[in-house]
6 protein chains.
Amino acid sequence: MLPPLPDLVLEPIVRLALAEDLGRAGDVTSDAVIAPDARGRFAVRARQAGVIAGLDAAGLSAWFVDPDMQIEAQIGDGVRVEQSGTVLEIEGLARSILTAERTMLNFIGRLSGVATLSRTYVDAIAGTGAEIAATRKTTPGLRALEKRAVVLGGARPHRYGLDDAILIKDNHIAAAGSVSIALQRAQASLGHMMVIEVEVDSLAQLEEALPFAPHAILLDNFSLKDLAAAVRLGKGHAILEASGGVNLQTVRAIAETGVDMISVGALTHSAPALDVGLDAL
Amino acid sequence: MLPPLPDLVLEPIVRLALAEDLGRAGDVTSDAVIAPDARGRFAVRARQAGVIAGLDAAGLSAWFVDPDMQIEAQIGDGVRVEQSGTVLEIEGLARSILTAERTMLNFIGRLSGVATLSRTYVDAIAGTGAEIAATRKTTPGLRALEKRAVVLGGARPHRYGLDDAILIKDNHIAAAGSVSIALQRAQASLGHMMVIEVEVDSLAQLEEALPFAPHAILLDNFSLKDLAAAVRLGKGHAILEASGGVNLQTVRAIAETGVDMISVGALTHSAPALDVGLDAL
Amino acid sequence: MLPPLPDLVLEPIVRLALAEDLGRAGDVTSDAVIAPDARGRFAVRARQAGVIAGLDAAGLSAWFVDPDMQIEAQIGDGVRVEQSGTVLEIEGLARSILTAERTMLNFIGRLSGVATLSRTYVDAIAGTGAEIAATRKTTPGLRALEKRAVVLGGARPHRYGLDDAILIKDNHIAAAGSVSIALQRAQASLGHMMVIEVEVDSLAQLEEALPFAPHAILLDNFSLKDLAAAVRLGKGHAILEASGGVNLQTVRAIAETGVDMISVGALTHSAPALDVGLDAL
Amino acid sequence: MLPPLPDLVLEPIVRLALAEDLGRAGDVTSDAVIAPDARGRFAVRARQAGVIAGLDAAGLSAWFVDPDMQIEAQIGDGVRVEQSGTVLEIEGLARSILTAERTMLNFIGRLSGVATLSRTYVDAIAGTGAEIAATRKTTPGLRALEKRAVVLGGARPHRYGLDDAILIKDNHIAAAGSVSIALQRAQASLGHMMVIEVEVDSLAQLEEALPFAPHAILLDNFSLKDLAAAVRLGKGHAILEASGGVNLQTVRAIAETGVDMISVGALTHSAPALDVGLDAL
Amino acid sequence: MLPPLPDLVLEPIVRLALAEDLGRAGDVTSDAVIAPDARGRFAVRARQAGVIAGLDAAGLSAWFVDPDMQIEAQIGDGVRVEQSGTVLEIEGLARSILTAERTMLNFIGRLSGVATLSRTYVDAIAGTGAEIAATRKTTPGLRALEKRAVVLGGARPHRYGLDDAILIKDNHIAAAGSVSIALQRAQASLGHMMVIEVEVDSLAQLEEALPFAPHAILLDNFSLKDLAAAVRLGKGHAILEASGGVNLQTVRAIAETGVDMISVGALTHSAPALDVGLDAL
Amino acid sequence: MLPPLPDLVLEPIVRLALAEDLGRAGDVTSDAVIAPDARGRFAVRARQAGVIAGLDAAGLSAWFVDPDMQIEAQIGDGVRVEQSGTVLEIEGLARSILTAERTMLNFIGRLSGVATLSRTYVDAIAGTGAEIAATRKTTPGLRALEKRAVVLGGARPHRYGLDDAILIKDNHIAAAGSVSIALQRAQASLGHMMVIEVEVDSLAQLEEALPFAPHAILLDNFSLKDLAAAVRLGKGHAILEASGGVNLQTVRAIAETGVDMISVGALTHSAPALDVGLDAL
């Protein structure tokens with residue numbers, strides 16, 4: 001079971017989200033309309049089916065608004081919820097719950113959207129032996145949360161940032177002069193706990209890269225035919241990752257070429273939110 | 001012309017976005033592969049048509065990475081770009097540009113996605129006299145940036161947070177006991193520069209609300225027939241805002257009922273990113 | 001009952017206040033002189049009568065120093081305390097209480113000073129139908145806290161910042177060219193949940209403004225005679241707010257002209273602190 | 001000439017002050033009403049005579065809003081300005097200047113108020129040989145700025161926080177058991193660069209304290225007669241500081257008793273702001 | 001007993017230390033390998049003898065990772081631990097404990113190293129009447145923690161920063177022109193709770209300084225013979241502090257010259273860490 | 001050439017270091033003693049030979065104090081300086097330079113100490129084919145800076161945090177039950193860009209680990225004889241890393257067993273600072 005992110009990782013974005021909603025005066029509506037001691041019991045329910053994520057950020061949001069709110073998750077992160085299914089229940093001061101509502105729902109909606117789309121892609125290639133991976137095309141400020149949502153949906157996180165692996169892309173190769181020069185320079189500076197992936201745009205570049213034994217090779221915008229050729233050349237020598245032009249219509253055919261990984265930017269940059277709402281109980 | 005957001009408003013989310021990408025060691029690939037004094041000229045180009053937003057956040061991101069990068073916007077925020085159109089050009093150290101690339105593109109892609117979807121909705125109701133508005137269903141940490149993107153797309157921002165207007169929703173009414181009680185309490189606590197909107201679920205609630213002369217009334221999940229009836233009852237007495245079940249198939253018919261505003265959560269919670277990329281020049 | 005500000009709103013200024021008092025080594029006196037396990041019971045008492053405010057910030061200050069201190073408010077925020085009256089009682093480690101003392105008293109003293117002066121102005125115009133409002137002339141860093149203290153004293157908060165309403169002032173009018181141009185531009189950019197106030201310096205400007213039906217009009221430095229004329233022209237068409245030259249000698253006569261609001265910068269920029277001290281029990 | 005505070009010391013409170021004014025959307029009025037390229041020249045003028053302080057914080061505020069604003073101080077910090085005198089001139093984009101205006105004026109107004117009141121007290125005891133000192137009764141978040149304003153007004157800053165000197169007060173003495181015990185404990189823990197002051201409430205306590213040769217002795221709420229007696233006992237053996245019941249009516253008589261210092265909480269907790277405004281040039 | 005530092009003083013460096021270890025994804029090893037509900041009991045043990053410090057920072061580190069971890073100190077800060085001695089015991093979720101382990105050990109190891117070296121120097125001059133003091137040559141970000149570790153080792157903290165005492169060094173004297181001018185300027189600006197120390201490089205400079213009665217005089221790089229001469233000239237008139245060329249071989253002879261203080265940069269800039277480790281119980 | 005760390009990575013610790021030195025009042029000595037417009041030219045010189053590091057943090061420190069200071073590095077990061085060699089020259093306001101001096105020197109001294117000790121270890125095993133690596137036993141807050149200093153000294157950085165590679169240590173194995181179970185769990189959760197290292201305490205554990213083909217194996221506290229046996233078993237199948245009991249006396253013999261890496265905690269936890277000072281020119 002994937003553990004929640006540490007609170008210290010979540011805290012900056014949770015604080016930012018609450019601060020932008022509370023502004024200078026807080027929830028003026030609840031303060032005006034609801035008695036200070038009125039209590040309530042509410043459920044966060046899914047208005048559509050999907051895979052849940054973001055309970056950790058939602059829970060921390062609630063804690064910052066009022067540490068006395070009681071939250072019971074009815075379903076774990078990474079679990080599929082059906083339409084109208086209950087995600088969690090909250091009990092506490094009505095003012096506190098309504099103040100925290102939107103921030104909690106925004107985290108759950110967005111991150112469950114990412115987990116749900118990830119699961120859809122993973123299911124689309126079931127049985128092929130390939131895996132789906134995310135990219136660094138994440139929402140500013142939500143990198144760690146969206147990577148975790150991707151994993152909750154059954155896909156792989158890929159690099160978390162510019163610093164945890166070397167990924168030589170087309171512009172790096174252009175700046176270095178060639179795939180070979182770029183790989184040589186990268187290997188010379190590599191720490192022993194870090195790996196190298198190199199992006200290639202053609203079978204020729206792939207053949208140039210293979211003798212350097214990079215950990216992984218990104219086959220960018222290859223045709224299905226070229227992907228198959230690349231698999232024949234490189235499978236087992238490096239992790240072969242396909243990217244470019246991937247969508248739900250194309251992904252299975254790509255997986256069936258025998259590549260190891262397929263990376264999909266849309267998992268994080270274009271996942272529609274899962275529709276979730278708060279109902280009084 | 002809508003001015004950029006102040007740097008102080010942008011800075012927290014820009015810092016967070018860069019920090020999560022730079023990690024502890026920065027861009028290990030560019031540092032390994034590219035000569036320290038190599039310079040480059042690159043263009044950010046749109047891979048699909050849309051309305052541009054996020055140039056302010058992208059520019060501040062670049063500045064934090066290297067204040068000596070030169071950025072020339074080729075197209076302003078809020079302007080439509082065609083497929084393959086150039087959004088901006090960057091000149092500077094190749095290492096700096098490639099380090100900043102992903103963060104810049106993530107801001108432009110997401111916020112242009114919001115502006116583009118907003119524009120699509122606005123265009124869909126052209127001539128009806130109604131306006132499109134966003135909601136508080138925004139991405140955590142990006143509230144101000146997404147609201148501005150909505151405005152760049154021609155729509156209205158609605159409330160920025162819980163503190164800048166009173167919006168009495170169904171759960172508030174339930175907690176207060178009735179629409180009337182909620183409105184009375186709200187009016188008693190209202191500052192003279194703040195307005196009240198109340199959400200109603202039925203024509204009966206609308207009739208209960210109108211005598212209190214709220215600034216605006218949110219007609220939630222009304223049928224087209226009930227919206228038309230609501231317009232007959234309330235038009236001119238309060239700003240009438242429709243919400244619920246709004247999508248590109250339904251929005252024009254809703255607008256044609258005569259409501260003043262239509263609020264659409266999807267503008268911010270489910271806008272696909274505009275596809276933008278960095279090309280060497 | 002006005003609720004306390006959310007802790008997230010208070011936290012930045014409370015942290016700053018404690019940090020500047022604790023410095024690098026903390027309370028060297030209490031640490032040197034008082035036994036580590038010595039406990040004490042103390043009262044915060046008012047040395048003069050007034051209206052109490054700031055208990056939320058004082059409580060959070062205490063919590064940051066030592067979450068085990070027990071604080072019992074003897075009197076609520078917004079309530080009048082008589083001379084020698086007890087505001088709150090604290091029980092806990094003597095070192096902790098003396099470490100937190102000054103920060104707590106500084107918050108209560110200043111904010112109660114604001115609430116007390118606000119109440120004095122409100123009482124001075126009792127029965128006239130006018131209301132007292134604060135301005136943005138607040139202490140840097142204390143905007144939200146001082147606005148709340150104003151409300152606790154019975155007055156109105158006015159704008160919280162530059163972003164929550166449009167207030168067109170003399171310099172804006174000069175830059176735009178005229179009251180009319182400024183109002184036209186403002187109305188064209190206005191969100192549907194935001195209101196416009198315009199400052200006028202003469203009856204002629206008032207007459208120029210009225211046809212635009214602004215939400216409120218600020219009559220700046222008008223004579224009593226001109227205020228009365230302004231009331232005849234504009235009452236009921238816009239909220240009429242007087243400002244300039246307001247003090248406790250002049251405020252009632254201004255209110256009796258029939259204006260709706262009187263804004264007073266001194267509420268926040270020149271309120272003397274309420275004298276409060278800590279006594280051992 | 002007293003130098004400005006380092007920007008790193010000013011920055012937290014300046015950021016807080018700007019953030020609370022800019023909110024999420026910035027200066028909506030200037031953005032709506034003023035052309036983006038309109039430039040202006042403005043003067044900050046004193047509406048009443050006083051001693052200027054806060055130019056450093058005002059300048060940093062302007063820099064954060066727009067680093068291209070040009071500011072020319074016409075008068076230095078610590079210098080007396082006459083009524084209608086110009087404090088500084090600003091040239092730049094009109095939008096930027098009006099956005100920064102209120103924060104700049106709030107810093108200058110408050111801190112000049114502190115400097116002016118300090119100067120008034122210093123002048124009131126001219127020729128007596130005594131000095132005026134501030135206390136830790138400062139505005140939360142403004143400790144360093146107000147201490148500097150006090151010095152600009154000719155008075156002494158006293159302790160900056162709990163950590164830079166030992167000051168044994170009545171509650172410490174009560175907790176320790178006696179003046180002697182408290183002084184012994186303090187001396188045992190003292191670093192060689194730190195000094196001790198002890199508060200005494202009676203001549204008896206003064207006599208108990210003197211043999212320990214503390215650096216300074218705070219004579220709290222002594223009558224003029226007892227102050228004179230204290231001076232006879234202690235002058236030259238320790239710095240003698242009077243406090244309690246000090247106001248502009250009583251301060252000279254207190255000074256004439258021969259004490260070395262007179263500390264006045266009102267310098268920082270109850271100084272009315274100096275009235276300053278922004279005029280177009 | 002020296003109390004722990006306030007949490008607010010520790011928090012910035014503790015947050016920084018945890019954030020740099022947790023990165024974006026937290027402790028991927030413990031999350032992968034250890035069951036989520038597995039509990040453990042561990043001891044932090046000293047692998048070599050020394051004086052313990054840093055328990056406050058270690059405890060706060062643990063709290064941030066998981067507030068439910070139970071920590072029992074077996075030995076207090078400032079107490080000598082023998083080789084293999086247990087410093088503290090921790091009970092809680094195994095994942096939490098292993099996540100916090102390295103940060104806790106890094107604080108305890110480094111700060112105990114400082115305390116231990118301080119104690120070694122103090123012991124080396126036992127009986128001479130002199131004292132050992134630290135300098136401002138501390139680890140960036142750890143000033144307050146290392147000063148406290150020095151005190152736990154029996155030495156004196158000296159200045160905490162540039163702002164809590166005047167210390168006129170050689171470069172200041174050069175800039176001012178002479179020892180006399182520098183001292184005159186310093187005395188003119190001195191607050192009554194702050195002291196002056198002046199560095200002198202020769203007996204001639206010492207003789208120039210003594211008439212100004214500075215609180216302390218730093219005898220920098222004096223020979224033993226000159227130190228003895230300085231003591232004859234200045235002992236009792238100012239605190240005499242020796243610095244320069246101090247190590248464990250030379251310190252006793254220096255102390256025996258009769259100086260009051262000996263300051264040693266190595267206490268904080270070159271103390272080897274005390275070897276501490278975590279053992280399962 | 002290793003590039004400097006990004007300013008955004010350095011900024012938190014540089015701000016913390018300056019803030020703790022400037023306190024609330026800044027450099028009271030320089031402000032009192034040095035004329036505001038006095039300029040100076042100074043050199044940072046090494047008092048002993050070593051390898052320089054920390055110029056990036058020192059430069060950023062200077063920039064925060066006064067962006068107009070001119071700094072010219074005379075020697076690059078990673079380059080050996082001889083005794084009395086000049087590291088950099090600074091020109092600017094004398095006050096600014098002396099204010100920044102200590103923070104700059106503290107960064108350079110500590111980080112050059114780390115680089116110098118790293119170089120010493122690297123030199124000690126020259127020609128053996130083994131490499132020296134650091135650990136996570138770094139100074140709290142300085143992880144990224146010390147890792148870079150290690151690399152500047154010619155050694156390898158190893159993991160930057162808990163999140164960038166899996167390192168299964170003895171306590172993980174105990175919690176999991178066996179080396180095999182721990183490795184199976186780790187492999188099941190592994191992202192495709194992350195590697196696994198496992199710590200073994202005996203040849204038996206090594207033999208248990210090898211079939212899982214981990215990226216690296218940490219041979220902890222092996223005798224030289226067992227290291228040699230481990231090399232025979234595992235060389236070429238996994239990176240073999242020795243740790244435990246490594247010092248300058250033992251390191252070469254360890255390297256000569258044929259291991260690939262030797263990790264040394266002392267590089268960062270016990271490196272004495274390189275002695276550097278500021279001289280007027």
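Helix α4 (residues 94–124) of chain A has 31 residues and spans 43 Å from its first C-alpha to its last, close to the expected 45 Å; the expected span is 1.5 Å times one less than the number of residues. Helices (H or I, at least four residues) and strands (E, at least two) are DSSP runs, numbered from the N terminus.

At A:E101, α4(A) bends by about 40 degrees, the angle between axes fitted to the seven residues ending there and the seven starting there. Because 27 of its 31 residues are buried, α4(A) is largely enclosed by the rest of the structure; buried means under 20% relative accessible area (1.4 Å probe, protein chains only).

## Basis of the model

This is a predicted model, in which local features need pLDDT of at least 70 and side-chain atom pairs count only at pLDDT 80 or more, while totals for chains, interfaces and linings use all residues. Residues are numbered from 1 along each chain, chains are lettered from A and ligands numbered from 1 in the order written, and side-chain values use heavy atoms, without hydrogens and water.

## The sheet of chain C

In chain C, six strands form an open sheet with parallel pairing, in the order β6-β11-β10-β9-β8-β7; two strands pair if DSSP finds at least two bridges between them. The edge strands, β6 (131–133) and β7 (166–168) of chain C, each pair on one side only.

Strand β10 (residues 239–243) of chain C is joined to the parallel strand β11 (residues 261–263) of chain C by two bridges. C:A242 has C:I262 as its bridge partner in β11(C).

Note on methods. Buried means under 20% relative accessible area, exposed over 50%, partly exposed in between (1.4 Å probe, protein chains only).
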